[in-house]
Amino acid sequence: MRLLLVIKKENVDLEKPVNKLNNFLVLQKKIQIVFTLLLLGSFSQIKAQERVPFDQGKKYILAKVSVVGKISFNEQTVVTFSGLQKGQEITVPGEEISSAIKKLGKLGLFDEIAFYVNKVENDSIYLDLDIVELPKLNEVKIVGVKKSKIEGLIKDNNLTKNKIVNENLITTTKNYIENKYKKEGFYNTKVTITNTPDTINGHQVNMLVRIDKGDKVKISNIDFTGNKQLTDTQLRAAMKDTKQKNFIRVFKASKFIPEKYKTDLEKIIAAYKEKGYRDARIIYDSVKYNKQKKALSININVEEGNKYYFGNIKFLGNTVYSDQLLNRYLGIKKGETYNGVLLEKRIADKTKPDAEDITNLYQNNGYLFSNINAVEVRTVNDTIDFEIRVTEGPIAYFNKITVVGNDKTNDHVIYRELRTKPGEKYSKEQLVRTIREIGQLGFFDPEAIDPKFKNVDAGAGTVDIEYNVVEKGSSQVELQGGYGGGGFIGTLGLSFNNFSARKMFDKEAYKPLPMGDGQKVALRLQGSTYFQTYSLSFSEPWFGGKKPVQFSSSISYSKQFLNNYITRTVDRSKSFNIFTVQVGLAKRLTVPDDYFVLSQSVSYQHYDLNNYNTGLFTFGNGASRNLAYTIGLSRSNKGTNPIFPMYGSEFSISAKVTPPYSLFNGIDYGDLQNQKEYKTQYTGTSGSGIDGQALNNGDYVKTVTVNGQTGYASVGSDYASADTDVAKVDQKKYNWLEYYKVKFKGDWYTKVYGKLVLRTLTEFGFLGAYNQERGVIPFERFYLGGDGMANYSMDGRETIQLRGYPNNSLTPVNINGDAIGATIYNKFSMELRYPITLKASASIFALTFLEAGSSYPTFKDYNPFDLNRSAGAGLRVFMPAFGLLGIDFGYGFDALPGQTKANGWETHFIIGQQF
């Protein structure tokens with residue numbers, strides 16, 4: 001017989017957001033604890049001492065807690081989480097059991113929790129813990145939407161197997177789905193969720209989610225009345241964000257958003273003003289729901305008025321600039337059709353802070369307090385005369401320049417980039433340039449840079465500028481693993497972009513590393529079972545601290561062992577080692593303008609091959625050395641945000657050259673194949689050649705075919721007729737690499753509309769040789785195709801991205817089908833980019849692209865119009881801690897070499913690259 005001690009029933013709810021658009025809510029029911037004494041028995045034989053005196057709260061020693069009921073958890077684990085311990089003194093009834101119930105309830109795993117008295121012996125009590133688990137999710141079925149959408153809905157709501165199912169989960173899922181489709185225009189979306197116990201496992205339930213989206217509420221038609229001079233189509237085109245249904249339109253949906261609708265009404269008036277109809281106005285407009293069409297109907301009644309023309313335009317108040325100069329900036333002549341929008345832009349274009357308008361003409365030359373207004377002074381019939389009234393005001397000078405918000409970056413790193421200096425004449429152009437330079441540092445959120453004007457004193461002719469910045473993470477961690485080349489490849493990269501070398505010996509500066517001086521330190525380790533790569537780089541943007549001269553240096557070491565990709569065995573007796581060191585200087589120029597940078601660097605690479613015969617090179621033993629000088633000229637005036645520039649361009653041309661060793665080393669490379677030391681000698685055991693004649697170790701040999709079999713035949717000491725040892729010849733040719741490499745890149749960013757940006761890109765590269773007998777080296781070549789990410793480079797190659805095709809697939813190959821690299825390539829690219837968010841924590845933008853390019857083994861094969869074409873779309877995510885991540889889906893329209901069909905779709909993952 002058992003006495004019912006405590007019964008507690010609790011519907012436990014998980015702490016999950018009910019509505020992801022609002023605050024997190026916790027749905028919690030009141031906990032009801034009922035203490036009941038139930039005496040079970042058919043006779044009064046139960047002794048008084050067996051009854052638990054609940055009304056007195058008697059103390060007991062807890063002898064044991066037994067978990068009863070069907071549960072999937074370990075019994076001891078449940079008791080441990082209750083907080084009750086064997087030998088513990090408890091009061092019945094009392095706080096100990098109540099506290100245990102609360103602790104178990106907070107776990108969110110149980111539907112019912114009850115304690116029973118099993119027995120009482122003297123002062124010891126034995127309790128039974130009866131619990132009923134909340135059901136877990138077995139499977140989810142969603143009906144009412146396309147199959148392609150189901151997986152995303154399950155993932156968004158985290159409806160995973162064995163998920164605890166409670167009312168909060170059901171409510172959250174229902175609200176999320178309804179809100180999701182309402183945002184897409186399905187305002188009548190209804191969601192019902194039912195759960196049924198699983199027939200096999202009673203602790204699990206199967207969830208059925210029924211979604212009835214209903215009909216999407218769109219704009220069926222936008223009609224105009226009163227318009228004669230501009231057609232309905234022209235007026236609808238003026239409404240940039242409010243569109244009626246049109247199956248041809250792709251980028252703009254026919255959603256109705258009240259705020260954007262009001263803005264579009266103003267754009268209708270602006271469209272009339274551009275055509276000369278100054279007095280145009282909207283008499284009334286209506287938005288009605290059409291039940292039959294289940295869509296909105298918009299009716300707009302306009303009054304156009306008369307068409308006007310520009311008459312006389314006079315400038316008043318201008319003393320600094322002549323009427324002729326101001327007229328050139330205005331660009332409007334008498335008799336032209338009146339265009340109120342153009343007139344406003346020529347006086348002050350609010351859409352472009354660096355526009356060539358009259359206001360900027362004054363403000364770029366110190367006249368901060370200037371004011372220019374266009375005033376209609378006379379209207380005769382259809383002609384309007386204007387006066388451009390100029391109030392020049394005094395010249396203003398920058399007084400106090402401050403920066404706030406730089407909690408990590410030291411002041412001098414920012415101040416040395418400022419173009420607005422105390423005592424200098426005010427210039428709006430320099431103010432805009434300063435915002436760009438601060439953004440280009442990469443240490444601050446470019447969207448949050450805010451120059452505030454303070455203490456603007458027209459009497460004194462001074463103004464204070466306070467630049468408000470918001471620090472963002474500038475250090476990045478690269479941690480990735482993947483399978484390639486027949487084995488696992490792991491990568492660890494650390495990049496500190498705001499490092500401070502001068503604080504390295506300051507213990508207090510390690511938080512976790514000394515930061516704030518704008519220097520960059522990068523460490524990268526990469527390895528697998530058959531190769532390791534280590535690299536370290538350092539750069540100082542203001543070498544010496546006085547002028548914008550960037551010093552950079554790097555050192556790296558790579559070691560690769562011979563790997564059999566089929567058997568996955570590694571032969572560590574055969575290796576290929578590369579040691580690289582490089583130093584460089586880059587100076588910001590002042591002529592033609594200070595957007596130009598002249599860079600120079602010297603690099604040295606040492607390639608060491610030890611019995612490494614793989615086909616990568618013609619020789620498997622020996623060394624090659626690459627001492628090169630690189631000079632480059634670049635100009636970049638890209639927008640403030642380096643991750644998502646909206647305007648500007650970047651051009652660069654560079655040349656990488658080595659010393660012309662052929663001019664002074666006295667070697668006739670064209671005759672190497674005829675020289676004795678470069679002939680093939682037999683190195684095996686003595687025996688017979690393919691022709692049956694004696695073949696001894698050290699004999700010069702040639703390759704012959706006898707009776708259909710090919711092999712060596714001895715030519716004795718007649719080395720002239722022996723085969724040339726290509727490996728020895730190439731080892732001599734490439735002992736010191738001799739070449740020149742020229743590259744060009746042009747990159748433009750053009751704002752199409754709003755934040756929609758068009759990026760156009762062109763690239764060209766050429767690798768040549770001074771001595772044609774020596775030939776073009778097999779190093780430093782171009783490999784075209786794929787995502788453009790270089791994993792590990794064994795021969796100084798450059799990987800060129802061309803999406804829509806497999807990696808390196810558009811690269812010339814030899815007769816065996818092995819890629820040998822190109823000596824010349826060109827590439828063209830166009831991207832339409834649109835930002836989803838540009839927050840400091842994460843910048844995300846979507847893109848579509850068109851690309852074309854090709855690579856060629858020699859200059860004679862070069863044809864700039866024989867291109868491999870592709871198109872596709874992608875997504876980029878930039879997080880300060882991890883750098884740039886992305887994915888592209890590209891379709892190759894052309895066939896790969898040796899194939900006849902279009903390559904088709906390819907998926908590319910992007911890590912750490914900026915296309």
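## A buried lysine without a partner

In this predicted model, Lys-679 is buried yet makes no salt bridge. The nearest side chain of opposite charge belongs to Asp-723, and that one is 7.3 Å away. Why is that no salt bridge? Because a salt bridge needs the charged atoms within 4 Å.

So what does the side chain of Lys-679 reach? It gets to the backbone oxygen of Gln-673, at 3.0 Å. You'll find Lys-679 in the loop between strand E27 (648-657) and strand E28 (687-688). If you skip its neighbours within four places in sequence, its contacts include Tyr-700, Tyr-719, Asp-725 and Lys-728.

Now look at helix H7, residues 323-330. Its buried residues are Leu-325, Leu-326 and Leu-330. They cover an arc of only 140° around the axis, so they sit on the same side of H7. Here's the general idea: an α-helix has 3.6 residues a turn, so residues three or four places apart point the same way.

Gln-324 and Arg-328 are on the other side of H7, and they're exposed. And what covers the buried residues? The cover includes strand E13 (309-316), helix H8 (340-347) and helix H9 (358-363).

## The largest nonpolar core

The largest nonpolar core has 24 residues. Those touching the most other members are Phe-576, Tyr-607, Leu-609, Leu-737, Ile-777 and Phe-779. Strands E24 (569-588), E25 (596-610) and E34 (782-784) are the elements that give two or more residues to this core. In soluble globular proteins, nonpolar side chains tend to be buried together.

Conventions:
Residues are numbered from 1 along each chain as its sequence is written. This is a predicted model: local features need pLDDT of at least 70, side-chain atom pairs count only at pLDDT 80 or more; totals for chains, interfaces and linings use all residues. Side-chain values use heavy atoms; hydrogens and water are left out. Buried means under 20% relative accessible area, exposed over 50%, partly exposed in between (1.4 Å probe, protein chains only). Helices (H or I, at least four residues) and strands (E, at least two) are DSSP runs, numbered from the N terminus. The arc is that of the directions from the helix axis to the C-beta atoms. Contact means heavy atoms within 4.5 Å. Lys and Arg count as positive and Asp and Glu as negative; His and the chain ends are not counted. A polar contact is a pair of N or O atoms within 3.5 Å; within protein, one must be able to donate a hydrogen and the other to accept it, and residues adjacent in sequence count only if both atoms are side-chain atoms. A nonpolar core is a set of buried Ala, Val, Leu, Ile, Met, Phe, Trp, Tyr and Cys residues joined through side-chain atoms within 4.5 Å.
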